[in-house]
Amino acid sequence: MRRTQWRLKLVFALTLLAMTACTPVQPWERGVLAKPQMALTPNTGNSGLVSHVYGSREAAPASSGDAGGGGCGCY
Amino acid sequence: MAVTDQAKHSLKENPLAESGISSSLQALTLAALALPTLLDSTIAVAADDEMSFQYGYYQEGKRDLYGLPNQYKPIRVDSLNSSTDLKLADRINLSLNYIQDTWSGATPITTAQKGFMVESLSGASSHVNTGNSILVDKDFNPLEESYSDAGTLQYLNQAGDNQLVHMLTSASPETRKQVNAKLGYEWDEAAMNLGGGVSAEPDYNSYFINAGGRWDFNQKLTTLNAGLSFTNSDISAYKMPQASGYIDYSRQQSSNVSSDSQIIGNRQDWSGSLGLTQVLNKHAVISSTGTFMRGSGYLSNPYKAATFIFKDPNQDNGLYPKGVYQAELISALENRPDLRNQFAWDTKYVQYLSGIDGALHLGYQFFIDDWGINSHTFDLAWEQPLLAGWSVTPKFRYYSQSAADFYEPIYFFNQKKPETPSHSIDFGKLPIQNYSSDQRLSGFGALSGGISISKSFAKGIQLNAGFEYYSHAGAYKMGGGGENAYADFDYYLVNAGLNVELSALSSRTFSGNDHHAHHIAHHAAGAPSGVMFEHTLDQAGDVMVGYRYMYGRQAGNMMQGDSNVSDSIVAQQACGNSGCSLRPGYMNMHMHMLDLMYAPTDWLTLMLMPQFVDMNMTLESLGGGDSEIHRHSTGGVGDLGMYALFKLFDMDGHHLHTAMGFSAPTGEADIKLNAGAHQHEGSSNSADGGYIHYGMQTGSGTWDFKPSLTYNGQYAQWLWGGQINGTVRMESQNDTGYAFGDILQTSAWGGYQLTNWLSATIRGIYTVQGTVRHEFNGYHPRYANVDDPGNYGGRFWDVGFGIRAVVPSGNLAGNSFGFEWLQPVADDFNGYQLQREGALSANWSFAF
């Protein structure tokens with residue numbers, strides 16, 4: 001448990017660090033960010049299927065979505 | 001297992017992709033269009049109207065049972081997912097999603113040492129030696145009684161007997177269907193959506209609702225996301241017929257959540273999430289989301305059992321020497337806590353690789369729950385666009401979890417079995433409350449890797465395909481201490497999909513030619529929806545994408561020829577000499593077809609038609625006996641159609657064309673039922689339940705020749721036409737021994753174009769189909785009329801009522817939607833069959 005807390009703190013600290021590392025990006029500088037390969041979840045048809053399978057084989061939820069559904073996956 | 005359905009919305013998750021539309025930034029973005037890189041991005045942004053189809057095939061590897069027989073096929077799942085995103089108005093989006101999974105195969109039900117297993121006499125499977133006394137030493141090691149060379153009894157722990165192994169059971173195919181919808185509204189710097197859906201399968205029905213919001217600030221460099229969802233699930237699982245006798249279901253009975261044959265339960269799942277996405281610089285984005293989930297109610301898996309061994313350390317029965325104990329072995333349905341609080345923290349980082357125009361995706365998830373499980377997931381993907389619209393993405397993932405506090409592969413109790421007055425186990429007096437041996441709650445790690453490729457075509461169409469291999473092993477657990485190797489398994493997943501960007505298409509096709517308008521007129525006046533091969537494409541280079549759905553239902557009276565017959569006649573005559581014990585209650589068939597057409601020249605159109613089929617039916621008892629209703633379902637990929645359409649005659653108002661092609665046997669003609677599916681007939685100990693009947697197979701199993709000739713006519717607002725088509729089986733029998741009868745169908749129709757976007761048709765159809773030729777060359781018990789090859793085909797008359805609408809303007813201009821209901825007018829069945837109720841055809845198509 002203690003190790004878990006330590007890890008959580010580390011991740012939190014890294015996230016904060018990352019956010020302070022931001023540089024202002026002007027609207028006309030955002031072309032790269034709008035490319036399809038830069039989307040947070042690219043190739044979505046495929047990723048939905050793959051995470052559905054992870055979710056039915058592992059204890060953790062495959063993606064922290066709020067969609068609900070998915071059925072039993074009891075097999 | 002609540003499986004989240006992270007629908008689609010790649011673009012929506014990219015705050016910048018979305019910000020380009022209808023915002024004050026639009027002007028700036030447009031001003032910057034001179035830059036070539038931004039041109040690409042705005043095309044991506046425009047993809048609000050999108051349709052996609054995705055097929056997936058999951059195949060698990062065979063489990064290692066350490067020498068015990070295992071004839072079961074491993075788990076396989078066929079999945080179909082189709083989704084549509086539509087922009088209803090400037091700021092309103094609607095997304096619709098349909099998912100269908102059909103699964104079958106063998107899965108572990110419980111675990112025990114090999115020495116506690118019994119090999120089944122039929123050689124099919126092994127089961128836990130439940131309910132019997134077994135011999136163990138003081139440490140619960142299994143002992144075998146034998147004679148030594150000197151002729152005295154000895155009790156030895158044999159090599160290999162301590163090996164843990166799974167007991168497997170196998171399930172006949174089952175289908176789950178899910179429909180969900182989401183409605184979203186966008187402001188300049190915020191968005192909200194509301195959604196919901198239902199998921200239905202024979203033993204598990206859920207409905208769910210969700211709400212989400214997004215808020216952009218800090219000049220859209222920072223985005224806050226929040227979401228909430230609620231899922232209610234009702235479980236009504238049939239007790240496993242193959243496991244009856246091995247599993248003690250009494251705990252569920254005593255707690256009043258079970259009927260005689262079913263386990264009834266309810267669970268509710270809440271989830272809430274909060275996330276932040278931050279643009280770090282021109283080339284990097286990070287996103288972090290925390291999700292809290294709370295599940296309550298029946299959270300167990302109704303198909304998993306835990307095995308208990310009770311050994312009274314003070315026993316003295318005088319039968320065995322010191323150090324040899326009689327122990328009792330019992331498998332009971334697993335019992336997880338009825339509350340689970342979970343927290344997951346996901347972080348994703350995307351870095352652009354400027355030299356090669358690729359993007360690196362790094363992800364990490366930490367998960368913890370109050371069952372004692374915590375997990376870490378690391379994933380890595382490299383998205384690399386290549387030349388000519390190709391892109392390739394290699395992926396790698398590592399997952400590791402610790403076991404639940406109450407998880408054990410097998411439970412040893414150094415005590416006498418606590419008993420109820422009727423000598424069954426008294427669960428209230430067990431030293432533990434919760435128990436599960438489900439591998440999902442064990443400690444393990446998983447390594448997986450794969451690759452996806454996609455190809456974008458200029459006309460807004462994208463094809464994609466992927467492969468992933470996944471290996472689950474106790475030894476991969478982070479820090480060691482995972483489950484032993486007996487629980488290891490692997491699987492592979494292949495998928496293929498099609499994406500169509502509707503808005504990109506229409507804006508492009510409308511830019512400056514009236515080709516499109518011609519299409520609209522052509523399709524609005526088209527043939528009824530149920531007619532296949534009804535038109536060719538107009539010009540060389542034209543492409544059409546379509547989706548076709550057909551539903552057919554049989555229900556009602558049993559018929560012989562053209563008249564109703566009583567159940568008693570069916571029982572005596574419809575199954576050959578032995579008589580029938582069952583009759584169908586209903587049978588539903590659903591077919592999902594993709595319609596892909598391309599014209600290499602003006603006179604030739606090529607057509608490819610992949611299909612996905614699923615069927616379900618009930619069988620009812622004929623005349624007394626057990627009154628149980630048997631449900632069967634099958635599903636998966638159907639036969640693949642490949643056709644060439646030739647224009648024969650084409651002038652104003654009159655079009656004649658012929659289609660020639662083949663149907664390849666990509667569907668299955670050898671689907672079997674499991675043992676127990678026909679348990680009422682006393683065959684439950686057989687390894688397999690035999691082939692499921694001809695009509696429930698997903699394919700014909702034969703190569704079929706499918707010619708057709710079609711005429712379309714039009715004058716002013718009137719339209720008419722006719723078609724004759726055939727299906728000729730090119731093989732006299734398939735690999736499993738039979739062939740369906742040939743089919744000849746003729747139809748004629750007339751219609752009227754009511755407005756420039758709507759037409760109505762009426763059609764008459766006559767169909768002749770032969771009986772099934774030959775029969776299954778393997779075990780196929782004849783319980784019902786459908787099991788007899790003579791009870792297939794016939795002569796059928798139908799009337800079809802159809803409408804077709806073509807969107808005349810706006811983003812979706814040119815999309816054609818058709819519906820047709822076929823009403824049976826007269827039947828003349830071969831042999832004995834269930835009355836037809838009707839059929840529905842619906843199709844969507846878009847040509848450009």
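Analyst: A residue is buried if 20 or more other C-beta atoms lie within 10 Å of its own, exposed if 12 or fewer, and partly exposed in between. Keep in mind that this is a predicted model.

User: Why is B:His774 called partly exposed?

Analyst: B:His774 has 13 other C-beta atoms within 10 Å. Exposed requires 12 or fewer, and buried requires 20 or more. The count of 13 falls in between, so B:His774 is partly exposed.

User: Where is B:His774, and what marks its backbone?

Analyst: B:His774 sits in strand β42 of chain B, residues 773–774. Its phi is positive, about 60°, although B:His774 is not a glycine.

User: Why does B:Phe533 count as buried?

Analyst: There are 25 C-beta neighbours of B:Phe533 inside 10 Å. B:Phe533 lies in the loop between α7 (515–524) and β26 (543–560) of chain B. Phi of B:Phe533 is also positive, near 55°.

User: What makes B:Glu408 partly exposed?

Analyst: B:Glu408 has 18 C-beta neighbours inside 10 Å. Burial needs 20 or more, while exposure needs 12 or fewer.

User: Where is B:Glu408, and which residues does it touch?

Analyst: B:Glu408 belongs to the loop between β21 (390–401) and β22 (411–413) of chain B. Leaving out residues up to four places away in sequence, B:Glu408 touches B:Tyr435 and B:Ser437. Each of those contacts puts C-beta atoms within 7 Å. As for B:Leu280, 128 residues away along the chain, its C-alpha atom is 46 Å from that of B:Glu408.

User: How do you know that β14(B) and β15(B) form a hairpin?

Analyst: Start with pairing, for which two strands need at least two bridges. Strand β14 (residues 262–281) of chain B has 14 bridges to strand β15 (residues 284–297) of chain B. That meets the cut-off, so the two strands pair. They run antiparallel. Two residues lie between them in the hairpin.

User: What makes β15(B) and β18 (residues 339–353) of chain B a pair?

Analyst: They share 13 bridges and run antiparallel. The requirement is at least two, so β15(B) and β18(B) pair. B:Arg294 has B:Asn341 of β18(B) as bridge partner.

User: Which domains does chain B have, and how many residues of each take part in the contact?

Analyst: The domain assignment gives domain 1 (10–111 + 166–501) and domain 2 (512–527 + 540–847). The contact takes 22 residues from domain 1 and 25 residues from domain 2. On the domain 1 side, β1 (50–60), β2 (76–89), β3 (92–113), β9 (164–186) and β25 (489–501) each supply at least two residues. β9(B) gives the largest share, six residues. This side divides into 10 nonpolar, seven polar and five charged residues.

User: What are the pLDDT average of chain B and the ipTM and pTM of the model?

Analyst: Chain B averages a pLDDT of 85, and 86% of the residues score at least 70. Over residues 253–258 of chain B, pLDDT is below 50, and this stretch has 10 contacts beyond near neighbours in sequence. Residues 677–686 of chain B also stay under 50, with 21 contacts beyond four places in sequence. The model scores ipTM 0.80 and pTM 0.81.

Conventions: Residues are numbered from 1 along each chain as its sequence is written. Chains are lettered from A and ligands numbered from 1 in the order in which they are written. This is a predicted model: local features need pLDDT of at least 70, side-chain atom pairs count only at pLDDT 80 or more; totals for chains, interfaces and linings use all residues. Domain bounds come from an automatic or database domain assignment. Two residues are in contact if their C-beta atoms, placed from the backbone, lie within 7 Å. Helices (H or I, at least four residues) and strands (E, at least two) are DSSP runs, numbered from the N terminus. Ala, Val, Leu, Ile, Met, Phe, Trp, Tyr, Cys and Pro count as nonpolar, Asp, Glu, Lys and Arg as charged, and the others, Gly among them, as polar. pLDDT is the predictor's confidence in each residue, from 0 to 100.
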